[in-house]
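Thank you all for making the time.

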Amino acid sequence: STFPKVSGGVHVTDDKLYYLSHSDLHINVADIDGGNQTFLFDVSDLDGFDFNLKIEYQEITDIVYDPDNSKGYFAAYFLAVNTFGNVSYTRSVVYSIDLNTSAIDSLFASLPHDEEDDYGYIPSLELDKTNNRLFYLVDDGGFVSSRIESRALDGSDLSVITDGFNNPTQIDIDDQSSSLFVMTGRGGGTDALYKAGLDGSNWTTLFTDNIKGDNGFVLEETEGRLYFHDNSENLLRSDLNGSGIANNVFAINSMPDAIDIANRQIYYGNTFTVLTRHTYTDENFDSYSIDQIIREYQNLSDLQIDPVDNRLFYRLGSVGAIRSMDFDGGNDRLEYAVSSFDIKLRDWKLDPDDRRILTLEKDETPGVNTFDIYVRNLGNTSNGSLVAGDVGSANVIDIDPIGDTYVVFPSSVVGSEAVFDFKNDKAYYIIGSGGDDSSDYLH
């Protein structure tokens, strides 16, 4: 399974990882190591309106998860036009999803408004687990004051918590202190971070100076910390009351999508390619290793199996990288990548018994232009040993696992494929262009 365009909505449990993909349209779940990736729901299947309109755009603007009760709640934004195409409508609808069956229920919706105004846009929602309620922002696009509302988990019992502020960005709830946190500054307006009680009382301004409200914030409940950007997009951290401000809290300044502080693991979603996890090895959060948990698989080819460690090896990209994963797709890692764009990986073979990789590489460095064969030990593939240099215009290699004999087929002989029967000293290969209007020959 492949899930390109990871775009946030990340939630981490002890053994599961929930996330969005496909430009905030797909809801997915995977094991914590990235294995058993499972698609749950595609928001493109939803209409969002109660009357006949043509949907032109939709996305999930925010999603919260309650795995203990096998539930998720998300706000979906819809843009539609009427049958004549001359009037546009926007609307936000809040749904629940059963994380086991993928069943969807529509809970409530904002009112549509014409003239392409974001009337009733819901950019953020949060779950109050103590009182079993949903809190959410409603941005009325300037028609009336933006506000915070809450409802029961079935969409009933509407309550307006507070209103009167503009350009809301995000809300979050700290269950331990029953506190509501609100950031403003989305698309302009006052950049600020506020704290209040869940009933809207004790409204307190935490920060208004040197804070980038457009970027949102992360509430980490285990230690009771807030993470947010200053105007220069340096990542800052503070206590929940606004004190104890610190900078350089992690090795990079990007806004995390999820923080597992107990295991020193920080998750970052990339809109186009992967979901990565940084695991820090020291309590000061200085040194870390990177795991690409969810990947976009492009130009995937040349699968080979390691029966010793029960892993699947594959080639990724036209230039040349070899990666491997568990049979369930988890623990994906890089095994080898060419050192520069001048090096092209023409072919490779896995030798699982002797724990090594054989690579055939073309060096296109100006003035060189050679075909070379390297052997690389698994776990230390960067330091390869040259087996044979300048072997001609080579296309396919293999290795006899018994006699350690290397077989090289030049490009002029083999076309697109060759397989080897070392037991009977035979090779079977194709000659031909592979086109529909020409003949291919199997030798």
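Before the rings, a definition: the rings of Phe, Tyr and Trp (for Trp, its six-membered ring) are taken to pair if their centres lie within 6.5 Å, and a pair counts as stacked with planes under 30 degrees apart, as edge-to-face with planes over 60 degrees apart, and as tilted for the rest. Please keep in mind that this is a predicted model, in which local features need pLDDT of at least 70 and side-chain atom pairs count only at pLDDT 80 or more, while totals for chains, interfaces and linings use all residues. Residues are numbered from 1 along each chain as its sequence is written, and side-chain values use heavy atoms, with hydrogens and water left out.

With that rule, Tyr227, Phe250, Tyr280, Phe285 and Tyr288 are linked by ring pairs into a cluster. The count for the model comes to 13 aromatic pairs. One of them is the stacked pair of Tyr227 and Phe250, with 5.5 Å from centre to centre and 15 degrees between the planes. Which parts of the chain does this pair tie together? Tyr227 lies in strand 18 (residues 225-229) and Phe250 in the loop between strand 20 (246-247) and strand 21 (258-260), so the pair joins parts that are 23 residues apart in sequence; strands here are DSSP runs of E with at least two residues, helices are runs of H or I with at least four, and both are numbered from the N terminus. Tyr227 is buried at 1% relative accessibility, and Phe250 is buried as well, at 6%, where buried means under 20% relative accessible area, exposed means over 50%, and partly exposed is in between, with a 1.4 Å probe and protein chains only.

The charged end of Arg151 is placed over the ring of Phe108, 4.2 Å from its centre, and Arg376 lies over the face of Tyr374, at 4.8 Å from the ring centre.

Turning to the whole protein, there are 37 strands and zero helices, and the C-alpha trace spans about 80 × 60 × 45 Å along its principal axes. Of the 443 residues, 49% count as buried. Among contacts (heavy atoms within 4.5 Å) between residues at least 6 apart in sequence, 35% join residues at least 24 apart.

Now the loops, and a point about the backbone. Most residues other than glycine have a negative phi. His22, however, has a positive phi of about 55 degrees; His22 is found in the loop between strand 2 (16-21) and strand 3 (26-31), and is partly exposed at 25% relative accessibility. Ser178, in the loop between strand 13 (168-174) and strand 14 (179-184), likewise has a positive phi, near 50 degrees, and is partly exposed with a relative accessible area of 33%.

Two further loop residues, Val274 and Glu223, are these. Val274 lies in the loop between strand 22 (265-269) and strand 23 (275-280) and is buried at 9% relative accessibility. Glu223 sits in the loop between strand 17 (217-220) and strand 18, and is partly exposed at 46% relative accessibility.

Methods. Lys NZ or Arg CZ within 6 Å of the ring centre and 35° of its normal.
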